Amino acid sequence: MRIAIASDHAATDLKAELAEWLIDEGHEVADLGPSEGESVDYPDYGYKLSDVIADGTVEFGIALCGSGIGISISVNRHPAVRCALVSEPLSAALAREHNNANCIAMGARLLGIEMAKSCVATFLNTEFADAGDPNGRHHRRVAKLGNPPTSPDHIETHQ
């Protein structure tokens, strides 16, 4: 798989370890930065990551910062990207299975390398539940994520 990874300064060590591990696992990895020691603003790297996911340069993205929160918010500003903040494998699996997430975010100050690897492996190995079924309930919901309503009268009910 083609995977891009980006972080802020708080997560450069975790980013480097995950990138090396992913390459060892046979994946093509684009490290979008930053380099160790630079103090940077996480939105800049979140936007950079979302651009390469949205344009199809990579299949999946991994966003890292101290908590994972800030960079996930910035990545999610792009309507074609669905980034889920995860801290354990179940949420990583559900992000793919139900939300067809194409990016995960994690906090370097909140979890260690082994848990991060477990989250990434689960994320990459989980299929979207409605893959091949464009009329499936998850597919319908995911389609709405990139196309928010413009009026307040948008709530649908389903039997």
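**View 1. The largest nonpolar core of this predicted model has 24 residues.** L18, I62, L64, M106 and V120 have the most contacts inside this core. A nonpolar core here is a set of buried Ala, Val, Leu, Ile, Met, Phe, Trp, Tyr and Cys residues joined through side-chain atoms within 4.5 Å; buried means under 20% relative accessible area (1.4 Å probe, protein chains only). Elements giving two or more residues to this core are β1 (2–7), α1 (12–24), β3 (60–65), α4 (89–99), β5 (103–107) and α5 (113–125). Helices (H or I, at least four residues) and strands (E, at least two) are DSSP runs, numbered from the N terminus. Another core, of 17 residues, lies apart from it and includes A6, V52, C65 and C103.

**View 2. I62 and its contacts (heavy atoms within 4.5 Å).** Neighbours within four places in sequence are left aside. The partners of I62 include I3, I5, L18, L22, L49, I104, M106 and V120.

**View 3. An open sheet of 5 strands.** The order is β2-β1-β3-β5-β4, with parallel pairing (at least two DSSP bridges between two strands). β2 (28–31) and β4 (83–85) stand at the edges; each has a single partner strand, so one side of each lacks a neighbour in the sheet. Twist averages 20° from one strand to the next.

**View 4. β3 beside β5.** The two run parallel, joined by 5 bridges. L64 stands opposite M106 in β5.

**Notes.** Residues are numbered from 1 along each chain as its sequence is written. In this predicted model, local features need pLDDT of at least 70, side-chain atom pairs count only at pLDDT 80 or more, totals for chains, interfaces and linings use all residues, and side-chain values use heavy atoms, leaving out hydrogens and water.

Note on methods
Buried < 20%, exposed > 50% of the residue type's maximum accessible area, 1.4 Å probe, protein only. Axes fitted to C-alpha atoms, helices over the stretch in contact; angles between N-to-C directions.
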